[in-house]
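Student: I'd like a close look at a single part of this one. Could you pick a spot and walk me through it slowly?

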Amino acid sequence: MTEYVIRNGHLFDPLQEIKGDRKDIGIKDGKIVDASDVSSSAKAIDAKGMTVMAGALEVHAHVAGPKVNVGRWYRPEDKLFNSRKNSDATRIEGGFSIPTVFKTGYEYARMGYTFAMEAAMPPLYARHVHEEIHDTPIIDEGALPVLGNNWFLMEYLKNKEIENAAAYTAWLLRQTKGYGIKVVNPGGTEAWAWGLNCLTINDPVPYFDITPSEIITGLMETNEFLGLPHSMHIHGNSLGNPGNYNVTMDTLKLAKGVKPRNNFGRKQVMHATHLQFHSYGGDGWGTFESKAKEIMDFVNKQKNITIDTGNVTLDETTTMTADGPFEHHLTELNHLKWANVDVELETAAGVVPYIYSPNIVVNAIQWAIGLELALFCKDPMRCFITTDHPNAGPFTRYPRVIKWLMSRKAREAQIKAFKNSDKVVGATNIANLDREIGLYELAAMTRAGPAEALGLSKSYGGLAPGMNADIAIYNLDPKKLPTDPEGIEKAFSAVAYLFKDGKMVVKDGQVIDHGHKKTFWVDVKVKENKQVMHDIREKFLKYYSLNEGNYPVPDSYAPHPHVIALDATTGAGSS
Amino acid sequence: MKTVTLTPTKQPELILEADCITPDTFAGKTAEQIAKLPVYQGKQDCTLGEFFSVAGGAGATAADTQIMIAGSCPKVKYIGSKMSAGEVVVNGDTDMYAGAWMKGGKLHVKGSVHSFCGLGMEGGEFLIDGNAGNYLGASYRGDWRGMQGGLIRVKGNVGSDICSFMNGGTLIVEGNADVHIATHAEGGKIIIKGNVRRRIGGQMVKGEVILFGTVDVMMPGFKYVRDMEMEVDGTKGKFAEYIGDLGERHPKRKGETVYGKFYQKIKA
């Protein structure tokens, strides 16, 4: 393998507390090494006046699987005038908010990302998720199975049977090649099968005699019993409704007193995702306002929580979530086409196109809330940038979100461009926020932080010798940041170089190699549990539309796995 | 106004995608530059000059540019698509997507056009002397933004699914129309001087369909309201007014429910 030495670049690595120092690093056999440890034949990259960071990690995006594909097939207009011819190295790319798998991989790579977590894998359709992951070039990926409305788990957790819930979860992660525990509208999606919803954490789930609060608490305990690399990852109840910040506060408070138990360096027990959609005040659309400050005041104090923002990018996009009732609510609001997918004993998803318009006050307030969350955050290692792709906007807009976070001038220009900017300013704090996120904080929000939250910070998200050589080099001089904020967006849109596993895959914003992407999944060994195995057999016989034997994802679906194996037989959190 | 004349010299073997044939793209270019504009035949990159001889030259702006196509182009797509000003005249037929997403100016096809023409049109005038295929003035597949504005006039007959998801503008058909008219419409006006078959205004929220001739089968979701005198495209007469589609949601305006309207001329 070609060795490289990257000279004169300004390094940003929160894991080593390197804040823009000029330092040379080497790449050898897919790993980062000391610059002196490469041979004389190593190719030199001159990164003078450039920013060097680890490859970025996406903590939450909908990039593979059945609901993404529903979006693709029912929105041919998303690809209209939006395809890109293949070059010698790449395949044809298409789509804006729901890009093809190829475009997904290329676009992440062009922005300097080397890992993406598919945020909602329906266990029954895990094969489809893995087929798409396998076809997405360059970036490593994992997928979180959705478990917050799962019949088995609701029954075990109702009876506080954490050991059974853990045994089932371990079985399911192995069957689906999943990475961790995802919870979407706990209880509410199951209630949706009866045309109902759970809009607070205390609404009982019909026919299960359990509340969202018990599901959330039980799954946090299950997660720590197993000692998984990532924490429980939650999309809370009452997403998108005015006044929902109270429900969000109730949800976040459930993390109090829960302790992380794992061997991966993970410090949080709850990852609260796309908080922008959960930080709304007011009692209707007319009084809709930001509660980002209230939410972040709590998050800043409660140190066992990580969050991601879910920034609205003011684009036409495609919303899709395993929160079935929410999507029905949305189609009633905007009258655009609605697709609903029920997944047997597990979950239900919906898909609706949505246009976030700068002329609509609520949309502009949503834009402000997403940015406020990051700007109010005191610990960038616990606050990550997402757009909940494609729900609040496509992930390809990250450079624009970064521009807004790094430049007050850019935010002011956008506020001025809103049709009703006075109303937006009145309902938010955005106009009073002077803070400009720096490159070191950005590296925490997009690299070191997500890597630590995903339990990957031993090998990913940093630039220390021995770590995986996933390295992004941006044409951005930290000593001379562009005076025009557009320069920031431009620099983050197209890396000067991206190395993946030590191989150069992007150069001057052009993809030159497909790399060797891997599928990350977690294999936990638990004590033999006859009760759970019996329950599984019975439910497959009685309720599932397929046989138990056809449920697992065969190895051939993830031919390049990166398996994180751990042993939970000797007690909680050991490995 | 300056004129560029395109004369077809070779019929494409497959279908030619020529979204460059608009006054907007031609504006400010010489005949040589226009001949070098890219067109696509399947996956092959070609130039306009391989299929047309180019004479004359364009004006400085789209509004100052007229394009004369001196011949029939039954296998050329996207003529006049997205044009915002100026004029295009086709002395013959065109393939799909002529005048699609047109914003202004005038497009005159002296022959017939294929399907998906005038798709999502926002403004301007589109005249078709012959017939038009299916989905005239409709939305692109999957999209909910059909014809928004402007005028389309067809001297002959039209196919099915015209003006699906229409939101505004006017379509006048002097001949007959096939099934599915104004499906999902939320605005706009369709005038049909000939006869239609069935399924007019299915899931129609708002908008108007005015029919001079006969309809084979009425939609059950439309209700007769009254007879009224109207003047339609210069013709005065008595029309029966229906409202619908009663199976669809309908917005309220100033306390009144807004319906889709269907009018049928009463034979004197």
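**A sheet in chain B, and what lies around it**

Tutor: Chain B is split into two domains: domain 1 covers 1–70 + 78–88, while domain 2 covers 115–268. Keep in mind that this is a predicted model. Between the C-alpha centres of those two domains of chain B there are 33 Å.

Now for the sheet. In chain B, 4 strands line up as β4-β3-β2-β7, making an open sheet with mixed pairing. Look at the two ends of that order: β4 (44–47) and β7 (76–77) of chain B are the edge strands, and each has a single partner strand, so one side of each has no neighbour in the sheet. Let's zoom in on one of those edges. Strand β2 of chain B, residues 16–17, runs parallel to β7(B), and 2 bridges join them.

Helix α12 (residues 398–406) of chain A packs against helix α16 (residues 486–493) of chain A at about 140°, and their axes are 8 Å apart. The crossing of α12(A) past α16(A) is right-handed. Residues in this contact include A:Ile402 and A:Met406 from α12(A), along with A:Ile488 and A:Phe492 from α16(A). Overall, the α12(A)–α16(A) contact has 6 nonpolar, 1 polar and 3 charged residues.

Key:
Residues are numbered from 1 along each chain as its sequence is written. Chains are lettered from A and ligands numbered from 1 in the order in which they are written. This is a predicted model: local features need pLDDT of at least 70, side-chain atom pairs count only at pLDDT 80 or more; totals for chains, interfaces and linings use all residues. Domain bounds come from an automatic or database domain assignment. Two strands pair if DSSP finds at least two bridges between them. Axes are lines fitted to C-alpha atoms, for helices over the stretch in contact, and angles run from 0 to 180 degrees between N-to-C directions. A crossing is left-handed if the near helix is turned anticlockwise from the far one by less than a right angle, and right-handed if clockwise. Two residues are in contact if their C-beta atoms, placed from the backbone, lie within 7 Å. Ala, Val, Leu, Ile, Met, Phe, Trp, Tyr, Cys and Pro count as nonpolar, Asp, Glu, Lys and Arg as charged, and the others, Gly among them, as polar.
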